[in-house]
Amino acid sequence: MELTLYGAIISPFVRKVRLFMLEKGFEYQFEQILPRQVPEWYWKISPLGRIPGLKDGEQSFADSSVICHYLEDKYPSKSNLCGETPLERARISWFEKYADYEIAPLATFTVFFNRVLARPMGLEVNQAAIDSALNKLPKHWDYLEQQLEGKQYLVANRLTLADLALVTHWVNFAYGGEQLDAERWPNLVAHKERVLGRDSAKALLVEEAAFMQKMAASN
């Protein structure tokens, strides 16, 4: 197994794959690729220039969901994070898509982007967009809070890709200066702390903290 993962260290989609690979016990090389500074050779791995990208020997492709499901299918002897039954796989896919298409545009692409990345990129902060996102997110937190009632994890009461896909955006949400209200969403907060308290997440967050400090010092 010769795995190389490409992407930006604080990308939630890159983090999702890194958490997945660490939980599966995979050894891999990580190479930093910034979304707007993609080298020419990377387009062969990711025709749309997006991150993350993966190279597995002579094979290469992009997209966090594609990568995780590929690794699960190719290396099934490791702990199963994508579901053991059709129902589990469907539920995991649902929550992963919910995180990618409902949470990401608001928590990551709006709040995190405007508060963390906009100024270093020479862009104006869109406060109206931030306010709109913060007004829209509670309905999603309410739904997820209900889904976690009486559970430690979203599916099958064990860690799966569904949990990683959701928690990774909460990390960027926090980088953007926001936290979940523990009184209103106690299940969500407990879930976030449970997943981010795992060894895989703690190791990555230490690495990311150093990167964020360097980023802040340079701006």
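**Burial, Core and Exposure in a Predicted Chain**

Visitor: What percentage of the residues of the protein chain count as buried?

Guide: In this predicted model, 49% of the 219 residues of the protein chain count as buried. The word is applied to a residue with under 20% relative accessible area.

Visitor: How many helices and strands does the protein chain have, and in what pattern do they follow one another?

Guide: The protein chain has 7 helices and 4 strands. Along the sequence they are arranged as β-α-β-β-β-α-α-α-α-α-α.

Visitor: Why is the protein chain called as compact as a globular protein of its length?

Guide: Two values are set side by side. The radius of gyration of the protein chain is 17 Å, and the globule rule gives 17 Å for 219 residues. Along the principal axes, its C-alpha atoms fill a box of roughly 45 × 45 × 30 Å.

Visitor: What share of the contacts with a separation of 6 or more joins residues 24 or more positions apart?

Guide: Such pairs account for 68% of those contacts in the protein chain.

Visitor: What makes a group of residues a nonpolar core, and which members touch the most others in the largest one?

Guide: The residues must be buried, of nonpolar kinds such as Leu, Met and Trp, and joined through side-chain atoms within 4.5 Å. The largest core here holds 57 residues, and M21, L71 and W141 touch the most other members. Among the elements that each supply at least two residues are β1 (3-7), α1 (12-24) and α7 (199-217). Helix α5 gives the largest share, 8 residues. In soluble globular proteins, nonpolar side chains tend to be buried together.

Visitor: How do you know whether D73 is buried or exposed?

Guide: The relative accessibility of D73 is 64%. Exposed means over 50%, so D73 counts as exposed. This residue is found in helix α2. Its C-alpha atom is separated by 27 Å from that of Q147, which is 74 residues away along the chain.

Visitor: Why is Y70 called partly exposed?

Guide: Y70, which also lies in helix α2, has a relative accessible area of 21%. Buried would require under 20% and exposed over 50%; the value for Y70 falls in between, so Y70 is partly exposed.

Visitor: Which residues is Y70 in contact with, leaving aside its neighbours within four places in sequence?

Guide: Y70 is in contact with L54, D56 and F61.

Note on methods:
Residues are numbered from 1 along each chain as its sequence is written. This is a predicted model: local features need pLDDT of at least 70, side-chain atom pairs count only at pLDDT 80 or more; totals for chains, interfaces and linings use all residues. Side-chain values use heavy atoms; hydrogens and water are left out. The radius of gyration is taken over C-alpha atoms; the globule rule is 2.2 Å times the number of residues to the power 0.38. Buried means under 20% relative accessible area, exposed over 50%, partly exposed in between (1.4 Å probe, protein chains only). Contact means heavy atoms within 4.5 Å.
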